[in-house]
Amino acid sequence: MRVALYWTPEPQDPLAALGAAWLGRDAETGALVPQPDVDGLAALTEAPRLYGLHATLRPPMRLATGWEEFIAAAHDVAARVAPFDLPPLALSDLSGFIALRESVSCPELQALCDACVLGTDRHRLQPGADELAKRRKAGLSARQEAMLQRWGYPYVLEEWFFHVTLSRRLKPAEMARILPKAAAYFEPALSVKRRVGTLSVCTQRDGGAFLVAERLVLGGSKTTR
């Protein structure tokens, strides 16, 4: 099993239903969801469908300790972070991926991400040689290589940025065709005011899809699914 800490929209947020339909799967329930009528969307969203609609905070890892020890550490992280407002989201072309990004910088997001990495790292099993080689195929900077060796993932702490991936990497012609359709589809959810009040603990078993296992309330106690 792998575990991760993600930001996911609250179930009542319109982004949750729109995102689940766009990707074709609801990470809260695991149910497959009919996708909007966009030519080729099923293939374009095959990779992000596995992870569900999310922004990564603590990247997926295998546990060196038990589940209860990890959950206790994640609960401690959540309890120390106050809820905060998320800036409005905007759709963007992120190096060929369609993604949602925050419209302005949000120091509270960075602090939450840092706390998730620092507060749970002692429960992380060191990645194997194959996983390290896979990460290095992206072409890492010296700093990212140092992050990979220390934290098991190259894009954490100052190398991290908030993003919600909505497609595989697209060719320019695909991006020109799909991005306007995605913008129109997600427009009803982009102007919604939203507050970051929970931290989602997500699990992946036997190489399958990630599911939201628990939501931990920021500044308070955890809720159990």
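Biologist: Before we dig in, how many helices and strands does the protein have?
Modeller: Bear in mind that this is a predicted model, where local features need pLDDT of at least 70, side-chain atom pairs count only at pLDDT 80 or more, and totals for chains, interfaces and linings use all residues. Numbering starts from 1 along each chain as its sequence is written, and side-chain values use heavy atoms, without hydrogens or water. Going by DSSP runs numbered from the N terminus (helices H or I, at least four residues; strands E, at least two), the count is eight helices and ten strands.

Biologist: What box do the C-alpha atoms fill?
Modeller: The box is taken along the principal axes. Its dimensions are roughly 45 × 40 × 35 Å.

Biologist: Which strands stand at the edges of the open sheet?
Modeller: Three strands make up this antiparallel open sheet, in the order S4-S5-S6, where pairing takes at least two DSSP bridges between two strands. Each edge strand has a single partner, so one side of it is left without a neighbour in the sheet. The edge strands are S4 and S6 (164-165).

Biologist: And which helix packs on that sheet?
Modeller: The helix in question touches S4 and S5 (contact means heavy atoms within 4.5 Å). Its direction makes about 165 degrees with that of S4, with angles taken between N-to-C directions on a scale of 0 to 180 degrees and axes fitted to C-alpha atoms, for helices over the stretch in contact. Residues 172-190 form this helix, H8.

Biologist: Zooming in on S4 and S5, which residue in the turn has a positive phi?
Modeller: S4 (residues 89-94) and S5 (residues 97-102) run antiparallel, joined by six bridges. Along the pair, Ala90 stands opposite Arg101, and Asp93 faces Ile98. The hairpin leaves two residues between the strands, and the one with a phi of about 55 degrees is Ser95.

Biologist: How many residues lie between S8 and S9 in their hairpin?
Modeller: S8 (residues 198-204) pairs with S9 (residues 211-217) over six bridges in the antiparallel sense, and Leu199 has Leu216 as its bridge partner. Asp206 in the turn has a positive phi of about 55 degrees. The number of residues between the two strands is six.

Biologist: How are H1 and H8 oriented to each other?
Modeller: The axes of H1 (residues 14-23) and H8 come within 8 Å and cross at roughly 150 degrees. Angles under 35 degrees count as roughly parallel, over 145 as roughly antiparallel, 65 to 115 as roughly perpendicular, and the rest as oblique. H1 and H8 are therefore roughly antiparallel.

Biologist: What about H4 and H5, how many nonpolar residues do they bring to their contact?
Modeller: The axes of H4 (residues 67-80) and H5 (residues 107-120) come within 9 Å, crossing at roughly 145 degrees. Phe70, Ala73, Ala74 and Val77 in H4 meet Ala115, Cys116, Gly119 and Thr120 in H5. Charged residues are absent, two are polar, and the nonpolar count is six.

Terms used:
Nonpolar A, V, L, I, M, F, W, Y, C, P; charged D, E, K, R; others polar.
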